Amino acid sequence: MLWGYSFSDLTSIFVMQSFAGLILFSVFLLMALGLAIVFGQMGVINMAHGEFMILGAYTTYVCSQVFSRWIPTLFGAYFFIAVILAFIVAGAVGMLLEWGLIRFLYRRPLDTLLATWGVSLMLQQLFRSVFGAREVGVQLPDWMMGSFNLNETTQIPVNGVIVVGLTFFITLGIYALLLKSRWGCQVRAVMQNRSMAGAVGINTEWIDRLTFGLGCGVAGVAGAAFTMIGSTSPTAGQQYIVDTFLVVAFGGTQSLGGTIASAFSISQARSILEFFLSGSMAQVIVLLTVIGILMLRPQGLFSMKVRR
Amino acid sequence: MSLSIQKRKDIIFFSILACFLLVVLPGGLEPFRLNLVGKYLTYAFVTIGLVVCWGDAGILSLGQGIFFGLGGYCMAMFLKLQASTVEATKNQSTPGIPDFMDWNQITALPWFWKPFHSLPFSLIAVMAVPAALAALIGFAMFRRQVGGTYFAIITQAIASVLTILIIGQQGYTGGVNGITDLRTLDGWDIRTDHAKLVLYYIGVVLLLACMLFVWFVRSSKLGRILHAMRDQENRVRFSGYNVVNFKIFAFTLSAAMAGIGGALFTLEVGFMSPTFVGIVPSIDMVIYCAVGGRNSLLGAVYGTLLVNWARTSFSESMPEIWTFAMGALFIGVVLFLPGGLSSLYQNYLDRYMTRLVAALTARFKPARV
């Protein structure tokens, strides 16, 4: 399958495909980071996670509409405001969900799965009623439309660079928040031993709510990034949810570094295979490989050794 | 007649269901509605499988659509080959192969289609293919003690892989449209009203037979081990039972039942498509079971009928409300009614029924010595 391409063609194909994979990786990673917090740290299976991503995407869409209609002078910068708003909106809805539903189900993980599936159905219908069933796309400011030309055959899109950069900072932020800050220490304490954490004076309910909100908020940011690479429809989130769960499970649920590594390997494998095979076969092969590895190593690639 | 009250109640309720499905519904519904009920009942095969797998053994599979779909596709492949005789397809560039293959420039029947010329093989495959896949998945997962939420997610991933594969390989599978335009079963036209009525009865009888089989399994020692395994897996393991094999059995049984349901679905509806394979139908089937009651066979069947009936009547009149209602149903059942409708019955009606049944059947009881 490599015949018929010259060496320089192959190099630029490789560079461009791996950059396309890098954008996919960014969205995967942002989705997976949110899920790694919610599923990996809290043990909650949130099937509505994809809908939180779409919530962020619609927030970005609304932002772009508002800015282009009423504040066109600032249109160039709207994306950064949209990212912050997406985080706040998705995080707030997430905290509401935790307060209204999830906190009753911490001891019944399988039931959480069904209940949050119900939430995802309702959110999808809500999106459909408000924004219509058709896909919507955001308008990009001019400066985000172009691409950097490395040489005459290799082009790197600007919006891709922004998405990758955003992912980098969010990942760094979460890493610092969870592993270096006092709050993150409390979160980890609650997740490892809830009653003991409560006994030393940590407000476990509040920590739960904030952690769930943080996970959902990061999904909202993933949605904002998602608008850069695809158009938003009410059911778009559902197509990503299984992939994301696999990313988190594959990396080892307890480990943030594992999540990053598995999101990277899955998205890169997929986007490079996609060039040579059809898209669906690439997806099938990657998913089957991941499932196969998970069957051999259920604890994931990088797992913390915890006594249960 | 020295049956316990519980057995007597079981027999009476089972007869009521049989009567309802075999006499009341065919008598009271027009053929179109009856065919719809027949379609719902094919899902009931999946839900009674889930009662064993999820309710008894505690294994939540979110991939029952895989097995439903595989059973349905096995049946559909046989029917499609019957509909694609050389005379019927003489306008194609390669006569004698299914039309969608011809559209996709495939010139010879693929090897895995060939055995489906035979009816006995297809009927066995309807159960054997899903069961074999379930046994394989179960063997790989349960042996490594993968269970609970992990198992649910992996079955879901497999369901999504299968959907992508079916849609992607449209030359071999019919793609997103599925296998359509099915006509005859061994020369018998399945599209007529009369055939649909016959198929309805076949479906009901098979469902009742499956229920009896599951009832037998659940009331045997095997059923008790499954229960014990759900509640205290390690104790069962340390008592010397091989937990893995029991789990594989429960999962495989549910898969085989789902396969039968899928095959009947294909016969009654007249086509099979990937929309019945993926994640959404799989989770829908779990909710039918949850609404009816995951620990009750009769509850699961009534739950399936009720949710589907509500879905059809709501989505005819106000489709927007229905999706909200379905979402609320998921949340409501999980939060407030984990045992489903059958737990309502158990809590409020059962004691009266027990007295009633005891009074009605008192004369059959031998005098106490």
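Author: A residue is called buried under 20% relative accessible area, exposed over 50% and partly exposed in between, with a 1.4 Å probe and protein chains only. By that rule B:Cys53 is buried, with a relative accessible area of 0%.

Reader: What is the model's origin, and how are things numbered?

Author: This is a predicted model, in which local features need pLDDT of at least 70 and side-chain atom pairs count only at pLDDT 80 or more, while totals for chains, interfaces and linings use all residues. Residues are numbered from 1 along each chain as its sequence is written, chains are lettered from A and ligands numbered from 1 in the order in which they are written, and side-chain values use heavy atoms, with hydrogens and water left out.

Reader: Changing topic: how many helices and strands does chain A have?

Author: Chain A has 11 helices and 2 strands. These are DSSP runs numbered from the N terminus, with helices being H or I of at least four residues and strands E of at least two. From the N terminus, the order is α-α-α-α-β-β-α-α-α-α-α-α-α.

Reader: Why call chain A compact?

Author: Its radius of gyration is 20 Å, close to the 19 Å from the globule rule for 308 residues, so chain A is as compact as a globular protein of that length. The radius is taken over C-alpha atoms, and the rule is 2.2 Å times the number of residues to the power 0.38. Buried residues make up 53% of the 308 in chain A.

Reader: Lastly, where does B:Thr155 lie, and what does this residue touch?

Author: B:Thr155 lies in helix 6 of chain B, residues 148–168, and is buried at a relative accessible area of 2%. Leaving aside residues up to four places away in sequence, B:Thr155 touches B:Ser61, B:Leu62, B:Gly63, B:Ile66 and B:Phe251; contact means heavy atoms within 4.5 Å.
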